[in-house]
Amino acid sequence: MRTRRLPLLAFLGPGLMVMLADTDAGCVVTAAQSGATWGYRLLLVQVLLVPVLYLVLELAVRLALTTGKGLTELIRDELGPAWTAVAVATLAVSVLGALVTEFAGLAGVGALFGLPRAAVVGASAALLVLLVVTGGYRRVEVVGIALGSLELVFVGAALAAHPDPAAVASGLSPVQPYGDPGYFALLAANVGAVVMPWMLFYQPTAVLQKGLTRWHLRAARIDTAVGAVVTQLVMVAVLVAAAASLHGGGSLESIGSLAAALTPALGSTAGRVVLALGISGAALVAAIVVSLAASWSVAEAFGKPRRLGDGIRRARLFYGAYAAVVAAGAGIVLASDSLVRLSVDVEILNALLLPVLFALLAVLARRALPAPYRLAPRRRFALVAVTGPVAAVALVWVGIALGL
């Protein structure tokens, strides 16, 4: 019980890291495209998604800390192998989509400085594997948070763009062009860009890897809340910077055009450096998190060792899955005509996968939570109130995409 007396700061980390990973390269591009196309109109959505992030991730963490099991392990034990296969397949689609955007984002940053795509992607993949194979959980978390913190440069970029306060405030109006298919597509993309399926698999196992128990639930809640605010602050900053610089004057077709959006406020060189730091930090921390989420999930599904630092001999499946996922993500980064289009499509795909995972979480909350930790009626209502609209946006987008 000595760990219960440690400072609160000692228990923070998994929530902040997964939230920094949430604002990955694809999310940055999606937020920038939102600002370039619709100005500040999607600002309200970014604010409203803070409680969505918190409530969903808090439930996932609550399940882990009170049962001592990660999400995939819980699904396996409570719902059986068929639903475990569905969950792992859903996660695999989300992870591969995310990794494509991370490596493509890194390649786009390299192109700003004339670096070959193969060299950037290859070096990034090698560093990701080396970090996890040679380090324990603590080192991976510290490196990940340090990389993710580079995203805060976008806050400075937004302030340097000198946005009109009245125009920014207008973006918080509930009156939105919901009937416009183009607007709705970006709305769905922003939902998918904020609540990622792989987040629900990463944080529960991460808190267990960190050694937390049910006694640390309050600290984990604070960690999750702080992370939810920070990640949305970054999304808001990117949207504001793009809206102030690009709205009415064009849209985004590449990482280079995103750099151009920062040029009026920061200058050409500083704009490229700020973008390189922000995108690189976001892409690398996200690549770590999504790859770990996938490999932890595979190991949990088969009941195999999965602790960071166990060594390759003891945890062959875990480390093998991690290396394979990183290699697959790097290998399928193709020469796309538009990284922006690819990123937005991936975030829409994430939105389509969410209803399945929300349903699984709801079932597990009812079946697996010990009596003292079950959701109170007000918490259940709040969870339904925030996840229901998110799922509805995804399902409506399915209809639009299929022409129904």
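Trainee: What secondary structure does the protein chain have, helices or strands?
Mentor: The protein chain has 17 helices and zero strands. Keep in mind that the model is predicted.

Trainee: How many residues are there in the protein chain, and what share counts as buried?
Mentor: There are 404 residues in the protein chain, and 55% of them count as buried.

Trainee: And what share of the contacts join residues at least 24 apart?
Mentor: Of the contacts in the protein chain between residues at least 6 apart in sequence, 88% join residues at least 24 apart.

Trainee: Let's take H2. What should its 14 residues span, and how far apart are its end C-alpha atoms?
Mentor: Helix H2 covers residues 25–38, and at 1.5 Å a residue it should span 20 Å. Its end C-alpha atoms are 20 Å apart, which agrees.

Trainee: How many residues of H2 are buried?
Mentor: 13 of the 14 are buried, so H2 is largely enclosed by the rest of the structure.

Trainee: What sits at the start of H2, and what follows H2?
Mentor: At the start of H2, Asp24 has a side-chain oxygen within 2.9 Å of the backbone nitrogen of Cys27. After H2 comes Gly39, with a positive phi near 65 degrees.

Trainee: Now Asn190. Which helix is Asn190 in, and is Asn190 buried or exposed?
Mentor: Asn190 is in helix H10, residues 181–194. Its relative accessibility is 0%, so Asn190 counts as buried.

Trainee: Which side chains does Asn190 have polar contacts with?
Mentor: The side chain of Asn190 has a polar contact of 2.8 Å with the side chain of Ser34. Another polar contact, of 2.6 Å, joins the side chains of Asn190 and Gln46.

Trainee: What else does Asn190 touch?
Mentor: Leaving out residues up to four places away in sequence, Asn190 touches Thr30, Ala31, Ser34, Leu42, Gln46, Leu49 and Met235.

Trainee: Helix pairs next. At what angle do H4 and H5 cross?
Mentor: Helix H4 (residues 71–79) and helix H5 (residues 81–112) cross at roughly 155 degrees, and their axes come within 7 Å. The two are therefore roughly antiparallel to each other. The cut-off for that word is an angle over 145 degrees.

Trainee: Which residues make the contact?
Mentor: H4 contributes Thr72, Ile75, Arg76 and Leu79, while H5 contributes Pro81, Trp83, Thr84, Ala87 and Val88. The crossing of H4 past H5 is right-handed.

Trainee: How far apart are the axes of H5 and H15?
Mentor: The axes of H5 and helix H15 (residues 316–331) are 8 Å apart, and the packing angle is about 60 degrees. That makes H5 oblique to H15. H5 also passes H15 in a right-handed crossing.

Trainee: Which residues meet there?
Mentor: From H5, Val95, Leu96, Leu99, Val100 and Phe103 meet Val325, Val326, Ala328, Gly329 and Ala330 in H15.

Trainee: Change of topic: Thr231. Where is Thr231 found, and is Thr231 buried or exposed?
Mentor: Thr231 is in helix H12. At 1% relative accessibility, Thr231 counts as buried.

Trainee: What is Thr231 in contact with?
Mentor: Setting aside neighbours within four places in sequence, Thr231 is in contact with Met19, Asp22, Thr23 and Leu53. For Met19, the backbone oxygen lies 2.9 Å from a polar atom of the Thr231 side chain.

Trainee: How far apart are Thr231 and Val50?
Mentor: In sequence, Thr231 and Val50 are 181 residues apart; in space they are 8.7 Å apart, C-alpha to C-alpha.

Trainee: Now the loops. Where is Leu212?
Mentor: Leu212 is in the loop between helix H11 (197–209) and helix H12 (217–246). Leu212 counts as buried at 7% relative accessibility. Leu212 and Gly68 are 144 residues apart in sequence, with their C-alpha atoms 9.1 Å apart.

Trainee: And Pro174, buried or exposed?
Mentor: Pro174 counts as exposed, at 61% relative accessibility. Pro174 lies in the loop between H9 and H10.

Trainee: Last one. What is the phi of His162?
Mentor: The phi of His162 is positive, about 50 degrees, although His162 is not a glycine. His162 is in the loop between helix H8 (153–160) and helix H9 (165–170). With a relative accessible area of 68%, His162 is exposed.

Technical notes: Residues are numbered from 1 along each chain as its sequence is written. This is a predicted model: local features need pLDDT of at least 70, side-chain atom pairs count only at pLDDT 80 or more; totals for chains, interfaces and linings use all residues. Side-chain values use heavy atoms; hydrogens and water are left out. Helices (H or I, at least four residues) and strands (E, at least two) are DSSP runs, numbered from the N terminus. The expected span of a helix is 1.5 Å times one less than its number of residues. Buried means under 20% relative accessible area, exposed over 50%, partly exposed in between (1.4 Å probe, protein chains only). A polar contact is a pair of N or O atoms within 3.5 Å; within protein, one must be able to donate a hydrogen and the other to accept it, and residues adjacent in sequence count only if both atoms are side-chain atoms. Axes are lines fitted to C-alpha atoms, for helices over the stretch in contact, and angles run from 0 to 180 degrees between N-to-C directions. Angles under 35 degrees count as roughly parallel, over 145 as roughly antiparallel, 65 to 115 as roughly perpendicular and the rest as oblique. A crossing is left-handed if the near helix is turned anticlockwise from the far one by less than a right angle, and right-handed if clockwise. Contact means heavy atoms within 4.5 Å.
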